[in-house]
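Notebook open, structure loaded. I'm jotting things down as I look them up.

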Amino acid sequence: MKHQSFHETKTHGMLTFPYTVYNGNIPGYLASFPLHWHDEMELIYVTGGCGIVTVSSQQYIANAGDIVVVLPQVVHSIEQYENRQMEYFNILFRFSLLNASTNDICYEKYFKPLYDHTKCVPVYLASNTPLNSQIHPYISYLTETREGRDVEDELMVKSSLFAIISKLNRYSCTASTSELTLQNTYDKLKKVLLYVRENYSMEIPVSTAADICGFSPSYFMKLFKELTGKSFSQYLIHYRLEVAARLLSKNEQKITEVATDTGFNNLSYFTRAFVSKYGITPSAGQSYYQRIYHCCCSSHGMVLLLRSPIHIMSVLKERRFLLEILLPAQLQYCTPRAASPDTMSPR
C-alpha cells in the first residue's frame, strides 16, 4: 500500500514550461509538508506569520518577508511553529526551463554546479539581509503575476528566474569536502525514506534500515535523527499514523483493519499512539470526518460556510487531526478555488 511520495516525480507546471507558483498556508491547508525532495528548485517566500522550514538537517524559523532557497534534490519540510500560522508562496521551476541547449555555457557554469551541489548558496534569507532585498523584487513579480500568463509574461518569468539565479551565484561558494560528504550521506538516507514509504506496514528494525544505507546501526540512528529531528522508531510511528489518518478519512475500512494495514498489530497501542498525536481516538476521528463530509455534500449543508480547512477548525472546534486528514483534494467541493494550483498547494 502506497502513501505520499517522498521523491516528487511530477512536473510542476507544464512539460513545456516547468514552472509554477503555489499559495500555501500552514496549518490552514495542511498541518505540514513532511520530508520530501524533488527535481525542481524551490523558493519559499513567507508573506505572513511564521513557521518552521527544515532544509537538509537545518531548521529555520521563517517569518514574514523571509525567503528560503531549496536547491534541487535537497530534502526539506514545512511545518507549524507552536500554534502560529504561516502564509507563503512556493515558486518551483526546473533548471531545464532556463537551459538553452546541451552546450549552454550559462547552464554549465551557473546551474549545473547548483544541481550537483558542488556549489552552495545561502539557504535562509532573512527579510533584512542584502540578498533578500536584491531578490525580493523578482519574487514579488512572480507571485503577483501567477494567475495566467501570455507569451510576454513567460519571457518576464524566465527573466526574473535568471536574475534570481544570478544574484544567488554572486553569494555562492564552492562546496567543501565535508559538505559534499554530508550531501552524499543524506542521499543514502533518502533510500530509507523510500523504503518506509513502501514497507511501513511491515516490521522495520533499525538494523534493516541501517543496512539499506550501508551504515552501522549506531551511526545510522545518529544521522537519521540529525536529518529528521526524530529517532527512526519515532519517525516510523508518526508516518504510520499519518497513513492511518488518511485511511480513516476514506471510511472504507474498519479501524482494526486500518491499524493492521499500517503496521500496528496491537489495537490498544494504535489507539494510544493516535490519541497522543492527534488528541482524539481513531473512532472519533473517523466520525468527525463523516460529519464534515455529509455537511459538505448536503444540499442544505454548510457548503458556503465551510470555506477552508482552517474555517472548519473554527466551526467545529476540533483538534489537529482534522487538519491532518482534510486534504485540499477532499475539500475542493466546498473550497471555492481549491482546485487551482495558484490558490492551494497540492504538494
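Where is the place of Glu-82? I find Glu-82 in the loop between β7 and β8. Strands here are DSSP E runs of at least two residues, helices are H or I runs of at least four, and both are numbered from the N terminus.

**Ground rules.** I'm working on a predicted model, where local features need pLDDT of at least 70, side-chain atom pairs count only at pLDDT 80 or more, and totals for chains, interfaces and linings use all residues. Residues are numbered from 1 along each chain as its sequence is written, and side-chain values use heavy atoms, with hydrogens and water left out.

Background for myself: most residues other than glycine have a negative phi, and most peptide bonds are trans. Glu-82 is not a glycine, yet its phi is positive, about 50 degrees. At 58% relative accessibility, Glu-82 counts as exposed; the cut-offs are under 20% relative accessible area for buried, over 50% for exposed and partly exposed in between, with a 1.4 Å probe and protein chains only. Gln-73 also has a positive phi, near 70 degrees. I place Gln-73 in the loop between β6 and β7 (76–80), and it counts as buried because its relative accessibility is 18%. I also noted a cis peptide bond between Ile-26 and Pro-27, with omega about 5 degrees. Pro-27 is in the loop between β2 and β3 (32–38).

**Whole chain.** I count twelve helices and eleven strands in the chain. Of its 347 residues, 50% are buried. Among contacts with a separation of 6 or more, 73% are between residues 24 or more positions apart. A contact means heavy atoms within 4.5 Å.

**Strand pairs.** I looked at β4 (residues 41–55) and β5 (residues 58–63), which pair in the antiparallel sense over six bridges. To count as a pair, two strands need at least two DSSP bridges between them. β4 and β5 form a hairpin with two residues between them, and Ser-56 in the turn has a positive phi of about 55 degrees. Val-55 stands opposite Gln-58 in β5. I then checked β3, which runs antiparallel to β7 and is joined to it by three bridges. Ser-32 stands opposite Glu-79 in β7. β3 is mostly covered, with six of its seven residues buried.

**Cores.** Which residues touch the most other members of the largest nonpolar core? They are Tyr-19, Met-41 and Phe-93, out of 44 residues. The core is a set of buried Ala, Val, Leu, Ile, Met, Phe, Trp, Tyr and Cys residues joined through side-chain atoms within 4.5 Å. Elements that each supply at least two residues of this core include β2 (19–26), β8 (86–93), α1 (105–116) and α3 (151–170). β4 gives the largest share, seven residues. Leaving out residues up to four places away in sequence, I list Pro-18, Tyr-19, Glu-40, Met-41, Leu-43, Leu-98, Leu-161 and Ile-165 as touching Phe-93. Apart from this core lies another, of 38 residues, among them Leu-35, Val-196, Ile-255 and Ile-280.

**Helix packing.** α5 (residues 206–213) and α6 (residues 217–228) pack at about 85 degrees, axes 9 Å apart. Axes are lines fitted to C-alpha atoms, for helices over the stretch in contact, and angles run from 0 to 180 degrees between N-to-C directions. On the α5 side, the contact includes Val-206, Ala-209 and Cys-213, and on the α6 side Pro-217, Phe-220 and Met-221. α4 (residues 177–199) packs on α6 at about 90 degrees, axes 11 Å apart, so I log α4 and α6 as roughly perpendicular too. Here the contact residues include Tyr-186 and Leu-189 of α4 and Phe-220 and Phe-224 of α6.

**Last stop.** Tyr-124 lies in β10 (residues 124–125) and is partly exposed, at 29% relative accessible area. Its contacts include Tyr-60, Ile-61 and Val-68. The C-alpha atoms of Tyr-124 and Ile-44 are 9.7 Å apart, with 80 residues separating them along the chain.

Definitions and conventions
Parallel < 35°, antiparallel > 145°, perpendicular 65-115°, else oblique.
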